[in-house]
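Hi everyone, thanks for coming. Let me put the structure up on the screen, and then we can walk through a few places in it together.

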Amino acid sequence: MSAPRQSSPPPVLEAESVSKSYRLGASLVTAIQDVSLSVASGELIALKGPSGSGKTTLLNLMGLLDRPDRGVVRVGGVEAEGLDENARSDLRRDQFGFVFQGFNLIPVLSAAENVSYPMALKGVGRQERRRRAIELLESVGIGHKHAVRPDLLSGGERQRVAIARALANGPRVVFADEATANLDSHTADEVLGLVRRLNESQGVAFLLATHDPRVVARAHRVVHLHDGRILDQAP
Amino acid sequence: MNAFSLAYRNLARQRRRTLLIEAVVAFGFAALALATGFMIQSFDSLRAAMIQQIGHLQVMHPSAATNSEETTLEFGIPHAVRARALAATVPSVVAVLPRIEWVGLVTNGTRSVPYLGLGVDPGPEFAATRQRELVVEGSYLQGDGGDEIVMGTGLARALGVRTGDQLTLLASTVDGSLNAVDVRVRGLLAIPIKELNDRTLVGGITLVSQLLHSEGTVSKLVVFLRSERDLEAASAALAVRLAPIGPVAIVPWRTIAVFYSQVRLLYIAIFGFVNTVLVLMVVLSAAIVMTMAVAERTREVGTLRALGTRPARIRNTFLAEGVLIALAGSIAGLVLALAVRAALNASGIILPPPPGAAVGMPIHVGLYPSAYLFGLAVMVGTMLLASFFPARRAAHLSIVEALTHV
C-alpha cells in the first residue's frame, strides 16, 4: 500500500453521513448507514469489503447516480441533493468519469466514438472530439483500434476504451466498480497499471470499489466497508 | 453525434425488427394516401357533377331562398332577358341559364300524372349541364324547344308514352287561372334519382311562358363561372350589376347543394373511421416495437445517463427513432401507393354511378400531393405518439436500476 501523493489535499468530493435503504420485497434493506467519506484531488481510494457491504451503493451515491435517503454529497463544495436531474447530469458529465465492471460501451459506436460521446454532450466540436478521442485511446494503448466497434474488441481492450471514455472530459474523479473483475489476471494488471499511471500523470482522483487485492495494493487509501458502515480507513 | 445519428445506428443494429415496423408504416402510409386520394377524387367528381347541375351561383328572388311559392312564379325574377344580359357582362361568367320551375298535371287523354316542370333555354342548357348525358331515348330539345318536351323515363312509363307521342300539360298560370298546352315527347331522360325520374318534365322557356302566362319572368338564373375560385368576386360583381332590376339573392352552389354537404360529411366520417383504425394499428405495432427497444437497451440508457446525458436527450433519441421509421416507412409507402394506384387505374373496374350521374365510372385514383403529404404527417405523428411513452419511460429510468438491468 503506497502513501498519498499530497498531504491534506482539499476534498473534491465529499459524502457526509449518507444513508441509503432499498426495498426488497416486503423488507427494507439498509445498504449504507451514516457513512462519511471525502476524496481529495489526485487520490486513489479503494473501497473494499464483502458482497453486500455497500461499496457499489456508496459509489452510486457519490457518483450522483442515486440520491441518499439521508445525508449530503458535495461536489467541489456544492451540495448535490438540491440539484435537479439536468444539473446532476451536467455535474457527472463535467466532473466525473465512470468505469463499469461490464465495460458498458455503446455497441453501435466505434471505440473513438464511445470516447467522443461525453465530449459531444459537452458541446466539443467534431474535429476536436476526434483528435482528443484518438489521443486518449493512444494514451491507454489502443489508438490503432479507434475505428473498431466494441464487439470486436477483447475484454481488456474494452476496459481500456471505457477508461479513455471516463477521462474524456477531464474529470476530477473517476469511479470504477469492480473494473478488473471481468478481466484475466494479466489484463487486470495492465489495466491497474494504467489507472495508476493516469492517476499520477493527470492528477485524477480514482474511487475504486473492489474485491481485488491488487487494486488494494495500489491504492493511496483503503476504505473498509462492512454491513453498510466504514470499519476503518487506512492510508 | 446528434439524436438522429444515434437513432439511425440503433435502428440499423435491429435490422429485421426495423424492417418489420417500417413495413407496417409503409402499408399504413399507402392505405392512408390512397384512401385520402380516392376521397378527394370523389369530392371533386361530386362537386363537378353538382355544379354542372345547379351552376356555381343562382340568382333568385330574396324570398325564394327561404320560402316556398304559394302560386306559380310568386317569387320569380321579372325582366329575365335584361337580367340575363346584365349577368353575362361579369367577366368571369361563362353562361347564364334561365330556368322556370313549376308544377302541374300531364295527361295523355286517358291518364293524368302530376309533374315537376323545368323550363330551360335548350341550347345553352344542353351545352353547360349534364342533361345531355341523361338522354336514353330520342334526343334533347332543339332551338327554343318549340312545342316539344323531354321527360324522365319513370314519368313516361307512368303515362305509357314514347318519343313522338302527344301529351297535354296543365298548370296554374301566374294569375291563378288554369291553362293547357299540347306538346310532343322528343326524348326520355334516365334521371338517377327515382323520385325525380318519376316526375320531371323539361320544356323550352317559350313553351313554358305560354303555359304559365309568365312572359319575361323566370324562377332563377343559373350562373356558370370560369372557375370556382371566381365565386366570391363574381357574386359581388353580380350583386352590383343586377341592382337595377330590383332585389335579388345570389346564392352559392354549396348553400343549395345540401345533398353534397351531407354526402361529403358521410365520406369524411367513413374515411375518418377507416383512417383511425389504420392509425391505431400502426400506433399499437410501433408502441410494442419501441417498448421492446427501450427494454432491450435499458442498461445502455443507464450508461448514457451515467455519462451525463440529460433525460430529454435520451427521450429525443427514441423519438428520433420513431421519426426515422416514419420517414423511411413513408418513402416505401409512397412507392407502394404509386404502384397500387397504377394497378387500380389500369384495372378498368367500374364504380357505381356517383350521385347525380347516370352511369358508373371506371375507377381512377387521382395523384394528389396533399394526400401524400397528409399520409406523411399522419405517419410521423403516429410514430411520435407511439414512441413518446416508451421514450419518456426511458428518460426517467432510475440510473442505478437501469445499470443493473439484465
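**A walk through the cores, the contact and one glycine**

Let's start at Leu137(A): leaving out neighbours within four places in sequence, its contacts are Ala111(A), Ala112(A), Val115(A), Ile142(A), Gly143(A), His146(A), Val161(A) and Ala164(A). Please keep in mind that this is a predicted model.

Leu137(A) also belongs to the largest nonpolar core, which has 121 residues. Together with Ile45(A), Leu47(A), Phe206(A), Leu207(A) and Leu208(A), Leu137(A) touches the most other members of that core. And which element gives this core its largest share? That is helix α2 of chain B, residues 15-54, with eleven residues. There is also a second, separate core of 63 residues, and among its members are Ile100(B), Ile191(B), Leu212(B) and Leu225(B).

Now, how do the chains meet? On one side we have 14 residues of chain B, in contact with 20 residues of chain A. On the chain B side, the elements giving two or more residues are α1 (3-13), α12 (298-306) and α15 (399-403). By class, that side holds six nonpolar, four polar and four charged residues.

My last stop is Gly71(A), which sits in strand β4 of chain A, residues 70-75. Setting aside residues up to four places away in sequence, Gly71(A) touches Ala15(A), Glu16(A), Ser17(A), Val18(A) and Ser19(A). Why does Gly71(A) count as partly exposed? Because it has 18 C-beta neighbours inside 10 Å, and a buried residue needs 20 or more, an exposed one 12 or fewer. Finally, Val173(A) is 102 residues from Gly71(A) along the chain, and their C-alpha atoms are separated by 20 Å.

How values were computed. Residues numbered from 1 in each chain as written. Chains lettered and ligands numbered in written order. Predicted model: local features only at pLDDT ≥ 70, side-chain atom pairs only at ≥ 80, totals over all residues. Core = buried A, V, L, I, M, F, W, Y, C linked by C-beta atoms within 7 Å. Helix = DSSP H or I, 4+ residues; strand = E, 2+ residues; numbered from the N terminus. Contact = placed C-beta atoms within 7 Å. Nonpolar A, V, L, I, M, F, W, Y, C, P; charged D, E, K, R; others polar.
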